[in-house]
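Hi,

Here is the structure we discussed handing over. My notes follow below it.

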Amino acid sequence: MRIRFNLNGNPVDVDLPADTTLLTTLREHLGIFGVKHGCETGDCGACTVLLDGEPVNTCVMLAAQADGKTITTIEAIGEHPEHGWKQTAGLSALQRAFVETGAIQCGYCTPAMILASGSLLSRDPNPSEADVRQSLSGVLCRCTGYLKPVQAVIRAAAVLRGDPVEPIEAPIPAPSELFTPPEAGETGGVGSGPATELAIRTSVMPRIQVAPGPETRASVGRPEPKVDAVKLVQGKPAFAADIEMRGMLVAKVLHSPLAHARIRKIDASMALALPGVAAVLTWKDIPRVVYSTAGQSHPIPGPLDTFSLDNKVRFVGDRVAFVAAEDEATAEKAL
Ligand code: FES
Ligand code: FES
């Protein structure tokens, strides 16, 4: 199926099966790894892009639904401020604010947060905290939490309006009510109403101890940008799943249905005759390099009793042959 859309200012024309999701199209066919692969069920928001300016979850959208539309991903937002000899405009105000406020831990949710809140700021330059929280509500964050991203968006909004913002030289304090000590007699039990809410919160928040006197150290106790924050705020491929797979063959393993058997002969001719199959490997095709799957003794871990492929299978599921093909369906068929 032919699908055409505008991606980050460039026309895209792809020919894909009709059931291909927009997430798969962007990551696996176009190499856009700033769109993160999370739940695949529309819950986490990591796969957010802007479709005609509105945030959408690409994992629950078909690429065909983007036909004729404009897609913006984090790759179109900001640039690394230091590109060697090349002058760049640097990060966007939102990206800078996420770096400055420490609104990034692992960075998996960060591109989605920046796109979602950027959509808000494009409509409303002076959003309330509630508006900001609402704009981020479709993106789950498992490590930073939500306080600092909200602070980052409010700070970026002020920068974009031209309002003065304080340099961040001391940790941004959390709202004081989160640390209100429990009243005498409060138990922190479960119930309803404001008093109980306070009790529940105070029963789980840690007590904060602040060192007395002025801070004289250069770094300890002071905010420092996270070492990889600039990379993460641009959604650069930083995770194992972001590996570039385009142009690679797909490998599949033929597993033994028998618990113990000698392989006397493998006829791979039918598999090799399939269009798109690049190779079929059996134990005769690879060097016999013995290794151990157990033991860590030095210098030789034992027992040395395993080969990548052998003329003998020792358990149900043991490896019999490898197939390499141009796509997964062909590799599966060749097995
Ligand atoms: S991966 Fe799309 S919402 Fe989680
Ligand atoms: S999920 Fe790790 S920073 Fe949000």
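**Salt bridges and contacts**

The structure holds 14 salt bridges, each a side-chain nitrogen of Lys or Arg within 4 Å of a carboxyl oxygen of Asp or Glu. This is a predicted model, where local features need pLDDT of at least 70, side-chain atom pairs count only at pLDDT 80 or more, and totals for chains, interfaces and linings use all residues. Residues are numbered from 1 along each chain as its sequence is written, and side-chain values use heavy atoms, without hydrogens and water.

One of the bridges joins D242 to R27, with the closest N and O atoms 2.9 Å apart. D242 is in the loop between helix 7 and strand 6 and R27 in helix 1 (residues 22-29), so the pair ties together parts 215 residues apart in sequence. Helices (H or I, at least four residues) and strands (E, at least two) are DSSP runs, numbered from the N terminus.

M245 is in the loop between helix 7 (229-233) and strand 6 (250-255). With I243 and M248, M245 forms a nonpolar surface patch of about 310 Å² accessible area together. Patch members have over 30% relative accessible area and no salt bridge, with nonpolar side chains (Val, Leu, Ile, Met, Phe, Trp, Tyr) joined within 5 Å and like charges within 9 Å. Areas are Shrake-Rupley with a 1.4 Å probe, and for residues only the protein chains shown count as cover.

N311 sits in the loop between strand 8 (277-281) and strand 9 (312-313). N311 and W283 are 28 residues apart in sequence but 6.0 Å apart in space, C-alpha to C-alpha. Beyond its neighbours within four places in sequence, N311 contacts A261, R262, I263, W283 and R288 (heavy atoms within 4.5 Å).

Best wishes

Notes. Chains lettered and ligands numbered in written order.
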